[in-house]
Amino acid sequence: MDLEKIELHDALLHRMHIDYAAKIVRIDLQFYLTPESSKREMASLIFSKVDSVSHISDLIRHEDNAIAGNINYWIPQQEGLTYIYLVDGCIAIGAGNIEFKACQ
């Protein structure tokens, strides 16, 4: 799946798991498959060959915006620094690869 075509606006961030030894970050979320979709689908972003992770967020605002969505948008980079902008915060992950897995 082309990362540039995956729209994360109004997605819900559920959890982020960091495997420090394997240098892998997995982010589980729910997103709208298309702008016309009325139901969010579960998916995971899996970053491998990770060399940096930075995350700052306001968990109260995150919870307050759970119905509307707490991810504003993202700027994916198959190699390099990917930014995921939150309602009040940002996740930046430097990785050698990103895999997007939609759960069906």
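**Salt bridges and buried residues in a predicted model**

Student: In this predicted model, which residue meets D88 in a salt bridge?

Tutor: The side chains of D88 and R61 form a salt bridge, with an N to O distance of 2.5 Å. D88 sits in the loop between strand 6 (80-86) and strand 7 (89-95) and R61 in helix 1, so the pair ties together parts 27 residues apart in sequence. D88 is partly exposed at 36% relative accessible area. The partner asked for is R61.

Student: Is D28 buried or exposed?

Tutor: D28 joins R26 in a salt bridge at 2.8 Å, N to O. R26 is partly exposed, with 37% relative accessibility. Buried means under 20% relative accessible area. Because its relative accessibility is 10%, D28 counts as buried.

Student: Which residues are linked with D28 in a network of salt bridges?

Tutor: The side chain of R26 meets that of D28 in a salt bridge. The network of salt bridges links D28 with R15 and R26.

Student: What distance separates the C-alpha atoms of F31 and E41?

Tutor: F31 belongs to strand 2 (residues 24-32) and is buried at 2% relative accessible area. Beyond its neighbours within four places in sequence, F31 has contacts that include K39, E41 and F100. F31 and E41 are 10 residues apart along the chain, and their C-alpha atoms are separated by 5.3 Å.

Student: Leaving aside neighbours within four places in sequence, which residues is H62 in contact with?

Tutor: H62 is part of helix 1 (residues 59-64). H62 counts as buried, because its relative accessibility is 19%. With those sequence neighbours set aside, H62 is in contact with L13 and N70.

Technical notes:
Residues are numbered from 1 along each chain as its sequence is written. This is a predicted model: local features need pLDDT of at least 70, side-chain atom pairs count only at pLDDT 80 or more; totals for chains, interfaces and linings use all residues. Side-chain values use heavy atoms; hydrogens and water are left out. Helices (H or I, at least four residues) and strands (E, at least two) are DSSP runs, numbered from the N terminus. Buried means under 20% relative accessible area, exposed over 50%, partly exposed in between (1.4 Å probe, protein chains only). Contact means heavy atoms within 4.5 Å. A salt bridge is a side-chain nitrogen of Lys or Arg within 4 Å of a carboxyl oxygen of Asp or Glu.
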